[in-house]
Number of protein chains: 2
Amino acid sequence: MTAATPKGERRRQALVEAAAGLLVDGGFDAVRHRAVAERAGLPLASTTYYFDSLDDLVAAALEHHGQGELAYGKARLAELDVEACGGDAFIDLVLDLLLGPTGGDRDAEAVLLRYERLVATGRRPYLRPLMRKLSGELHGLLIEIFARAGQPVGRERVEELIALVDGAVVNALIEISPDPRAAARRMLAKAMAPR
Amino acid sequence: MTAATPKGERRRQALVEAAAGLLVDGGFDAVRHRAVAERAGLPLASTTYYFDSLDDLVAAALEHHGQGELAYGKARLAELDVEACGGDAFIDLVLDLLLGPTGGDRDAEAVLLRYERLVATGRRPYLRPLMRKLSGELHGLLIEIFARAGQPVGRERVEELIALVDGAVVNALIEISPDPRAAARRMLAKAMAPR
DNA sequence: ACTAATTTGGTACGCTCGTGCCAGTTTCGT
DNA sequence: ACGAAACTGGCACGAGCGTACCAAATTAGT
């Protein structure tokens with residue numbers, strides 16, 4: 001169900017944002033009708049009025065969150081200083097796009113959702129089209145950034161680098177005190193170093 | 001609670017195996033007291049008698065499954081034919097260890113658990129020690145296999161290759177009809193090709 | 001202004017879940 | 001053989017869940 005009135009649209013949006021927040025904080029399992037309603041300060045029934053099912057709500061939340069990430073990426077691309085983006089700075093830029101901007105100690109938590117959603121897609125096929133779209137746009141963005149930074153790469157090479165980062169992250173998650181960003185950083189630096 | 005009588009030990013084992021089966025078929029969310037009991041052909045209360053909590057049961061199932069994988073890896077190492085393990089055959093061997101032996105079309109399903117558990121560890125810290133142990137042993141096994149095959153590698157290099165495979169897999173999961181093994185195979189072949 | 005469509009929000013149903021309980025049975029140690 | 005320990009299994013509680021329902025309130029279209 002889509003909203004037909006301005007106020008309804010605002011309410012719907014509030015629900016999506018609440019759901020996206022829950023997604024980030026607690027993962028897919030945390031997105032429940034009641035939790036979303038409470039977080040948005042709306043009654044329970046509003047969640048079933050604006051969304052046909054919980055899956056719909058989850059998908060909307062994921063799309064909202066993904067679009068936010070893409071917007072962040074585009075902003076970084078726009079403000080990219082072609083002169084001062086070599087070496088470490090460039091690696092950090094790539095990591096910012098792939099893992100989100102660093103938040104200090106709570107990195108592991110912030111990064112988790114990016115991989116939960118990939119894996120969740122395995123058991124929730126209805127998320128696949130959405131994830132493919134978001135993922136494709138992110139890849140494109142990265143290719144643009146590499147090109148702008150004077151290191152043009154092909155689609156295949158970008159996919160390799162992304163795989164390397166993603167693999168480093170999921171393997172870092174099992175450490176006693178995980179620091180996925182550092183692990184990804186190490187591998188990315190090595191892979192991008194001139195041979 | 002641990003079993004003290006032979007029959008009790010058998011029952012407990014049956015529960016662990018049932019839980020492991022559910023884990024493989026349906027992921028972490030499928031491991032429920034009632035489902036485990038039914039699959040094992042035992043009453044519900046047996047699950048709470050032998051395991052203090054559901055987390056205990058999940059951990060036991062995961063350990064069981066992981067030990068099975070390691071046993072499979074050791075068997076492959078033992079039967080390794082030093083002569084005929086170059087090129088493609090070797091890559092398939094590595095993939096078998098990392099993703100499990102290929103099962104045809106249902107690869108995506110079979111592979112999924114390997115990554116669900118990595119990501120699940122992010123939100124279930126109690127699994128971390130176990131996952132670290134299993135992961136460490138698998139890494140060691142791979143190093144041995146590389147050495148035996150005449151391509152000695154360091155720990156760092158093995159971790160790079162594993163990250164590459166893992167990243168390729170999680171990114172392949174969002175395809176319309178995922179073939180994570182093929183994606184991993186492509187990247188692994190390229191990374192291991194002589195420069 | 002007035003009818004119709006939309007939105008609201010309180011409530012309830014039916015289900016699954018983890019877990020506690022406990023009288024009965026089996027098995028073990030001696 | 002016999003007391004104790006281990007085990008069995010049926011049951012029920014309380015909580016949380018997705019979702020349906022519907023009278024009341026609001027808003028839109030004319």
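Reply: Let's start in chain B, where the side chains of K133(B) and E63(B) form a salt bridge, 2.7 Å from N to O. By salt bridge I mean a side-chain nitrogen of Lys or Arg within 4 Å of a carboxyl oxygen of Asp or Glu. K133(B) sits in helix 7 (residues 128-148) of chain B and E63(B) in helix 4 (residues 54-78) of chain B, so the bridge ties together parts 70 residues apart in sequence. (Helices are DSSP runs of H or I, at least four residues, numbered from the N terminus.) K133(B) is partly exposed, at 37% relative accessible area, and E63(B) is partly exposed too, at 28%. Here buried means under 20% relative accessible area, exposed over 50%, and partly exposed in between, using a 1.4 Å probe and protein chains only.

A quick word on the source: this is a predicted model, where local features need pLDDT of at least 70 and side-chain atom pairs count only at pLDDT 80 or more, while totals for chains, interfaces and linings use all residues. Residues are numbered from 1 along each chain as its sequence is written, chains are lettered from A in the order in which they are written, and side-chain values use heavy atoms, leaving out hydrogens and water.

Now over to chain A. D96(A) and R76(A) pair up at 2.8 Å, N to O. Shared partners link R76(A), E79(A), D92(A), D96(A), R181(A) and R185(A) into one network of salt bridges. Over all chains, the count comes to 30 salt bridges.

Conventions
Helices (H or I, at least four residues) and strands (E, at least two) are DSSP runs, numbered from the N terminus.
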